Every structure is written in structure tokens, then in C-alpha cells.
Amino acid sequence: MTAAAGDPGVPVHRLIAARAARTPEAPAIGGGGRWLSYRELTAGAARLARRLRALGVGPESLVGVCLERRPELGPALLAVLEAGGAYLPLDPALPAARLAAMLRDARAVALLTEKRLAALAAEIAPELPQVLVDATRAAADGGAATPAAIDPQTAAYVVYTSGSTGAPKGVLVPHRALANHAFAAARAFALRPADRVLQLAALGFDVLAEELFPTWLAGGAVVLRPEEWAGSIAALAELLRRERVTVANLPAPLWHQWVAELDGGRHPPPDDLRLVVVGSDAVLAERLAVWRRRVGSRVRWLNAYGPSEATVTATLHEPGDGEPPAGPVVPIGRPIAGAAVLLLAADGAAARPGETGEIAIAGAGLARGYLARPDLTAERFVPHPAPRRPGERLYRTGDRGRLLPDGALEFLGRLDDQVKVRGVRVEPGEVEAALAACPGVREAVVLPSELRPGERQLVAWVAAAGATAAGLRRHLRRTLPEAMVPAAWVLLDVLPRSPSGKVDRAAL
């Protein structure tokens, strides 16, 4: 399956600058009564870009961006791109040790941050030059920064995902892929200047790019959720209503919760909402049936699928009117513009029609690979079996799928142990490695479990001397994101073994 692409040859930050020149006073990013216009968005990016260029930032330079969820996030990300560098989004809510590890692994050359995060910045990057966005904002405007030469394959950003070897791995996305995705998403979502698009994703998550850049290409406004957002469905519904949000991109677990509330007659979608995009995990067909019964066709609904290695979204599915759920999960659909999807048999050849295979993604949205991990890159980014151009590659996702009779793609789970927890990609091996470093732990196994229907969590079985679940949980929170900390614990003297001497995971 292949879809036609837009022209990804022009980097998105230049297209956004052109949009700003046409509608300089239109709102670009903000929320809660505080907004930056398109003029302020691009002027702020230009000021920061000059500072970064003075520090030596250029093509292939990695710049950490560690900010709270505030309007200055927009100019900061655009500034890195305008300076010619690649941004590394760093969520200040993550453990400081993990942020520091990502900066070291990425070999970042600078850090964009803010005054209120000065202590955190000093802890995670004491050796890096730091640019404060709130100090630079007050500086005099020195005119436009000299545009940096941008090749389409130059790095645009790096996001880190969980790694099976015990450390996160950086996915390196080039400008070509970012531009293709921004064009494709803006078209698929039918974005327009009147749209107000919710920015909900964690700041270190790749969905951030989907919330920002397509919106700005279309001239719309990005609505930042408050930092103090409670995470409840009541709070979400109030936020959507108060900020007159028209487009919301929601992780499947949160949307599942919303549907459960809707089924009880609570928190209907506000009148302004016209599109909901659901992704980051499998979507339950029975929840979609409830949504359609309660909401009907008043709000357009899309199911999105895609790994970070294919730049956020690779396929979309829009159910037809009256279409009954064909299976337990909603199909993931067809490729977005510029993407191609194949199903591979075990031998790497194309799977036959109707056969289950590994989902593989090719096209303009493909990442360059894993930062400084040529071995892993060669393992997952492989030569295309039927290349349309020399050197064409595809990404083997590790996801199982099959084509339905109508041509839509169905997701059938993983080929390995990787899971999604609250929409976050988790390699249990990384959690097991972190547990192995805890005092007193002799052995640990981490497996996913649905403690509640449709809500996957991690369960840890630990053989440890004198350890407690509370103590182990505290230790993990020093280095791992909250979604990677097991929700349930089983402490044992020894873990069960199979006759071959391996841990008997089935017995667990």
C-alpha cells in the first residue's frame, strides 16, 4: 500500500515563516489567556536561532529543549531548526538522571531552557552552554538570522524510546520526514486557519510534532494544556470547552476512559470539537461502537498508527458510516501521503494476500535510524525487497498485521515483548535492567497485564533480599518515566524455573 506525497523538499520552519508573513497577528500558540501571534512566534525563533548559531549550532548539532508547557516552546523548537540543528525534546517531568543520560547519549551541544528550570538544567547539563528563552525574549531584535543550508536528509529532531538492552535509544528524524508528515497530517486532518488544535502529548513524545507543525502549516492555533492539568476526563472536557478546541489528538487509553464516561451520560464532546484522532495504542472496537452510538457523526473520528521510526503516523483509518466493528480492535487503515506499508513473511519476503505478516513501513516519512546505533539501525532498517530507487529502505516495526478484504490494515499485536502502557512504548527489558540495579534484587521479570479491561499495566515479579515494593518503586522513579514503573508487584524468594533452567514466564 502506497500513498502519494506532498513536496518534502522545503523544511517546515521556512513554510511556517511564510505563513507568519501572511497572517502575522493570528494566534499561533498559547492557552489560558496568554498567546503568541505568528509574528511573535517567528520573531522569537529568529532571536533564539542567532544565539544558537553564535554557539556553533549547525547541521547535525543536537540541542536539548527543556521547557515547561508554555508558549515559548514554539519559538524554541523552531529556533533549533532555523539554526540548522536538530532538537531533542526533554520533558522536565522526567527523572533528572534520565534527562542527563539522553543529553549525554545525544552528544548535545547546547540546552534551551528557562529561568524557573535553572536548578534542573544545572543538574542535567552542567557542562553545556545554556540559552534561557525568557532572557532572550527581552533582548533587542537584531534582525533575521542568516538561513542555514538544510539538506532534506539533515537531522531535524531526535526522540528517545524505550530500549530492550536497558537504555533508551534515540530515533533520528530528518527534515524530509518531518516535512512529509506535516504536509500529510495537515491534509488528512483538513486543518485550516480557524482550527484550535490541542497540545496534550508529553513534551518528550513524538506526537508533539504532530500537534504543532501541521497546525502551523495550516495557520491554525496550538492550544497548550495547563501544566497542572489533572488528567481526568472531567478536566479534559472542561479544557476542550473552555479553549474552544476543534481538533484533539488523544492516546487510546485516555479516549477509552472518555468513552466509558460518555456511556454513563457524562462529558459529551463540546460543540466546537470537529475531529478526534486516537492513537498510540490499539483501539477497542466495542468502545468505538459506544462512541458512535453516543456521538454519531457529529465529530469526525480517526484511528492513527505509527512508530517514532516512521515519524509519528504512518496509517490512518476512518470508519465509514454504519460500519460495524469487524474484530476486537479497530483497523489501522491505509498509509498517509508519502508512506508505503508492506507485510513481510518470516523469511523477509512479501506476505501473500490474506496472510499474517510483520508490518514494515517505507517512504518519505522514514527516520534515518537510531542515533549512534549502527547495529540496531541495520537490524531494523533493512533494504526494500522491491526498491523504487537505489538504496531504498524499510523499517521492520515488530508489529503483526494483515490486510482486510476492503484493503485496510489490521493490527494483531507484537512479535516481541514490547508493549504500550498509557500510550508510552515500553521495552520490559529496560525495566528489568533498572530493577537489577536496585539493592538486594537477585532477579526480576516484568510482564504486561490488563489489570482493568483496555488498560494495560506492568507487573513485576522480583526475587530480592529485604526489598519492599514501595522501596523498589521509589528506586525506579529516579531513572524511569512513570509509565515504565510497574503498577503491581509480586515479591518472591525465587522465580520459578523451567526444566532448562530459564525463568518460567508462563508460570508467572
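1. The largest cavity has a volume of about 60 Å³. A cavity here is a set of points, on a 1 Å grid over the protein atoms alone, where a 1.4 Å probe fits but cannot get out. Grid points are joined across faces, edges and corners, and the volume is the space filled by probe spheres set on the points. A search of the whole structure finds five cavities of 30 Å³ or more. Rolling a probe the size of a water molecule over the atoms shows where empty space is left.

2. A word on the source. This is a predicted model, in which local features need pLDDT of at least 70 and side-chain atom pairs count only at pLDDT 80 or more, while totals for chains, interfaces and linings use all residues. Residues are numbered from 1 along each chain as its sequence is written, and side-chain values use heavy atoms, with hydrogens and water left out.

3. Which residues line the largest cavity? They are F189, L191, V197, E210, E211, T215, V247, A248, N249 and V277; a lining residue has an atom within 4 Å of a point. Helix α8 and strand β11 each supply at least two residues of this lining. Helices (H or I, at least four residues) and strands (E, at least two) are DSSP runs, numbered from the N terminus.

4. N249 is one of the lining residues. Its place is in strand β11, residues 247–251. N249 is buried, at a relative accessible area of 13%. Buried means under 20% relative accessible area, exposed over 50%, and partly exposed in between (1.4 Å probe, protein chains only). The N249 side chain makes a polar contact with the side chain of E210, at 2.6 Å. A polar contact is a pair of N or O atoms within 3.5 Å; within protein, one must be able to donate a hydrogen and the other to accept it, and residues adjacent in sequence count only if both atoms are side-chain atoms. Not counting residues up to four places away in sequence, N249 touches L200, V207, E210, E211 and V277. Contact means heavy atoms within 4.5 Å.

5. Now the nonpolar cores. A nonpolar core is a set of buried Ala, Val, Leu, Ile, Met, Phe, Trp, Tyr and Cys residues joined through side-chain atoms within 4.5 Å. The largest has 56 residues, of which L52, V65, Y87, L112, Y157, F213 and W216 touch the most other members. A second, separate core of 29 residues includes L240, W255, V283 and V330.

6. Next, the aromatic residues. A pair of aromatic rings is described by the distance of the centres and the angle of the planes. Rings of Phe, Tyr and Trp (its six-membered ring) pair if their centres lie within 6.5 Å; planes under 30 degrees apart count as stacked, over 60 as edge-to-face and the rest as tilted. The whole structure holds nine such pairs. Y87 and F213 have ring centres 6.4 Å apart and planes at 40°, so this pair is tilted. Y87 lies in strand β4 (residues 86–90) and F213 in helix α8 (residues 207–218), so the pair ties together parts 126 residues apart in sequence. Both Y87 and F213 are buried. W258 and W291 have ring centres 5.4 Å apart and planes at 75°, so they are edge-to-face. W258 sits in helix α10 (residues 252–263) and W291 in helix α11 (residues 285–295), 33 residues apart. Both W258 and W291 are buried. Y87, Y157, F213 and W216 form one aromatic cluster.

7. Helix α3 (residues 73–82) is mostly covered: ten of its ten residues are buried. Two of them, L78 and L81, are touched by F213. Just after α3, G84 takes a positive phi of about 100°.

8. Is G220 buried or exposed? It is buried, at 1% relative accessibility. G220 lies in the loop between α8 and β10 (221–224). Its C-alpha atom is 4.2 Å from that of P193, 27 residues apart along the chain.

9. T311 is in the loop between β13 (300–305) and β14 (315–317). T311 is buried, with a relative accessible area of 0%. The side chain of T311 reaches the backbone oxygen of G365 at 2.6 Å. Other contacts of T311 include Y157, V173 and H181.

10. M484 lies in the loop between α14 (469–477) and β26 (488–492). M484 is buried, with a relative accessible area of 2%.

Definitions and conventions. On a 1 Å grid over the protein atoms alone, a cavity is a set of points where a 1.4 Å probe fits but cannot get out, and a pocket is an open set with protein on both sides within 12 Å along at least five of seven lines; lining residues have an atom within 4 Å of a point.
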